[in-house]
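Hi,

Here is the structure I promised to pass on. Have a look at it first, and then read my notes below.

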Amino acid sequence: MQIPLAYLDAAAIQEVPIDLWNEVFNVVGWPPSLSSTRESFGHEDVLRAFEQDEPTDGLLQALETLDTLGSETGREAIISAIQDRGLPPSSLPAGKGEREFALRFYIAQRTNASLADAFIRAQIHVQEGGNQRRYNEFMGKEARCINGLDGKKEALREEILLFCRKSDLGDHVHVEAFEDDGVYVFNILRSHRTQKPLAVVPGHSARATIEFRPVHGDVIRYDALVGRLRIAARASSMVEFYREVLGKTLFSDGCFFDGNAVCSLRVLQERGRDALENHGVFGIGRIWMTECLWERGD
């Protein structure tokens, strides 16, 4: 199976130190492509392994932890869950970033029953709070392959850079792209709006504002077999831009990907049970709906 799109966040992967990835792989199993380079791999190798190798169940759970708990909200959920269990704050290391903190929590709870219970509590807290990654899907006018991927990748980087500069999003853009059996994946690292949080610098007691631009990792997947574009962007304001610029850059048509929703519940709203029993779809007989989980985009 493929690793879910949201887990291929290059920014999140790079925020985790290599020595911690080493610890994670020792716990959940090494990706085959990294097993021979355990002493010399880097973040790009980790991302490539996630894109190409078959993941273990443990690795999927670790990446899910990184995605759901590796944020400021996730960190608060972890600390709250640990306090609810009456565990000391020293149960987890201090002075770590959100991503590293979440992964170290995942490793620690695998051998500690009390932390395992806190782990479940933290996940439930985040899920109930609605901190879920949102997806946006669009269909192309036709299913078409991408020719000259390297050139299209560079053209896409230039378009994104131009947009970021015009939109006060900074001037840092890095794009990686690869194709796997008709599926094209674009990993985009880009700067975002300036932040000036109040902070305390290590070694100093005075408070001061620190100016910086965070780096967002956006992931785009295009399935040439059916012509479907899937966008996982940190900022919802980027979705419409990506939809248009992908059509323009890849197929010289800014309207190539229709802005209408790929899926709709309208048929059930209008026809009810009859939509399931008299659907007219060849090869499918009677349908019983026993459960429905609907994932909604922006």
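Is Tyr-222 buried or exposed? Tyr-222 counts as buried, because its relative accessibility is 0% (buried means under 20% relative accessible area, exposed over 50% and partly exposed in between, using a 1.4 Å probe and protein chains only).

Before going on, a word on the source: this is a predicted model, where local features need pLDDT of at least 70, side-chain atom pairs count only at pLDDT 80 or more, and totals for chains, interfaces and linings use all residues. Residues are numbered from 1 along each chain as its sequence is written, and side-chain values use heavy atoms, with hydrogens and water left out.

Now for helix 2, which covers residues 18–28 (helices are DSSP runs of H or I with at least four residues, strands are runs of E with at least two, and both are numbered from the N terminus). Its buried residues are Leu-20, Trp-21, Asn-22, Val-24, Phe-25 and Val-28. They pack against helix 1, helix 3, helix 4 and helix 6. Val-28 has 10% relative accessibility, so it counts as buried. Leaving out residues up to four places away in sequence, Val-28 touches Thr-56, Gly-58, Leu-59, Tyr-106 and Arg-110 (contact means heavy atoms within 4.5 Å). Just after helix 2, Gly-29 has a positive phi of about 105°.

How do helix 2 and helix 4 pack? Their axes are 9 Å apart, at an angle of about 140° (axes are lines fitted to C-alpha atoms, for helices over the stretch in contact, and angles run from 0 to 180 degrees between N-to-C directions). The two helices are therefore oblique to each other (under 35 degrees is roughly parallel, over 145 roughly antiparallel, 65 to 115 roughly perpendicular, and the rest oblique). On the helix 2 side, Trp-21, Val-24, Phe-25 and Val-28 meet Gly-58, Leu-59, Ala-62, Leu-63 and Leu-66 of helix 4.

Last, the aromatic rings. There are 16 aromatic pairs (rings of Phe, Tyr and Trp, for Trp the six-membered one, pair if their centres lie within 6.5 Å; planes under 30 degrees apart are stacked, over 60 edge-to-face and the rest tilted). Trp-30 and Phe-41 have ring centres 5.6 Å apart and planes at 85°, so this pair is edge-to-face. Both residues sit in the loop between helix 2 and helix 3, eleven residues apart. Ring pairs also link Trp-21, Phe-25, Trp-30, Phe-41 and Phe-50 into a cluster.

Cheers
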